[in-house]
Amino acid sequence: MIARDDITGLILAGGRGSRMGGTDKGLQPFHGTPMVQHTLQRLAPQTGPLLINANRNADRYASFGVPVIADTIADFAGPLAGMLAGLAQCQTPWLVTAPCDTPFLPTDLVARLAQGIEDERADIAVPVTVDADGRRRLQPVFCLMPVTAAAGLRAYMDAGNRKIENWVTGQRLAQVVFDDARAFANINTLDELREHETAGRSG
């Protein structure tokens, strides 16, 4: 079994925040606390070291007590660029990623992904949720991968590819089903942020 201390947690906060008016999503307050801090608090007990990938406001992210790394590929190339930067800095055999705008991520996320890799003899693992209509939805931004994935990911991106789902499905992949789709909800707009705050108070 993959040990917790063998896994570095990487929070992806390197996007443009286009759908949130260009603001830095991870620093937006959610119940009075920056979203990235919610994600940190949920992910930290599940991993060994932690990193934050951010391309803006590095000093503010560093204030959370976690090393901050920027993309090595220019122009906000998406979550894969953040993963690649994390793999380059990772000092453990494994890296797990989570976006900064998912304050409800499961507290058993990493253990279940690690179990999926072991059970299926896979190379990487991502969660899958099931919509109300029964449609399975891959959640590839939450990804447990070995540091040895770096070379293949670099080649994929050097070829001009940016789609994360295409990359993960091209690997020997464990798809781990989680029942609570809300746990993986991305908060992309200020309206969604307020809706989730209201739902949290009423739920």
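This is a predicted model: local features need pLDDT of at least 70, side-chain atom pairs count only at pLDDT 80 or more; totals for chains, interfaces and linings use all residues.
Asp101 and Lys25 form a salt bridge, with their closest N and O atoms 2.7 Å apart. Here, a salt bridge is a side-chain nitrogen of Lys or Arg within 4 Å of a carboxyl oxygen of Asp or Glu. Asp101 sits in the loop between β6 and α4, while Lys25 sits in the loop between β1 and β2 (29-30), so the pair ties together parts that are 76 residues apart in sequence. Helices (H or I, at least four residues) and strands (E, at least two) are DSSP runs, numbered from the N terminus. Both partners are buried; buried means under 20% relative accessible area, exposed over 50%, and partly exposed in between (1.4 Å probe, protein chains only).

Residues are numbered from 1 along each chain as its sequence is written, and side-chain values use heavy atoms, leaving out hydrogens and water.

The predictor's confidence in each residue, pLDDT, runs from 0 to 100. Its mean for the protein chain is 89, and 87% of the residues reach 70 or more. Over residues 17-21, pLDDT stays under 50.

The structure holds 6 salt bridges. One of them joins Arg172 to Asp123, with the closest N and O atoms 3.0 Å apart. Arg172 lies in the loop between α6 (164-169) and β10, and Asp123 in the loop between α4 and β7 (124-130), so this pair ties together parts that are 49 residues apart in sequence. Arg172 counts as exposed at 52% relative accessibility, whereas Asp123 is partly exposed at 32%.

## The nonpolar cores

Now for the inside. A nonpolar core is a set of buried Ala, Val, Leu, Ile, Met, Phe, Trp, Tyr and Cys residues joined through side-chain atoms within 4.5 Å. The largest has 32 residues, and Ile52, Leu113 and Leu144 have the most contacts inside it. Elements giving two or more residues to this core include β1 (7-13), α1 (35-43) and α4 (109-120), and α4 gives the most, with 5 residues.

Beyond its neighbours within four places in sequence, Leu113 is in contact (heavy atoms within 4.5 Å) with residues including Val96, Phe142, Leu144 and Val176. Another core, of 28 residues, lies apart from the largest one; among its members are Leu51, Ala77, Ala85 and Ile124.
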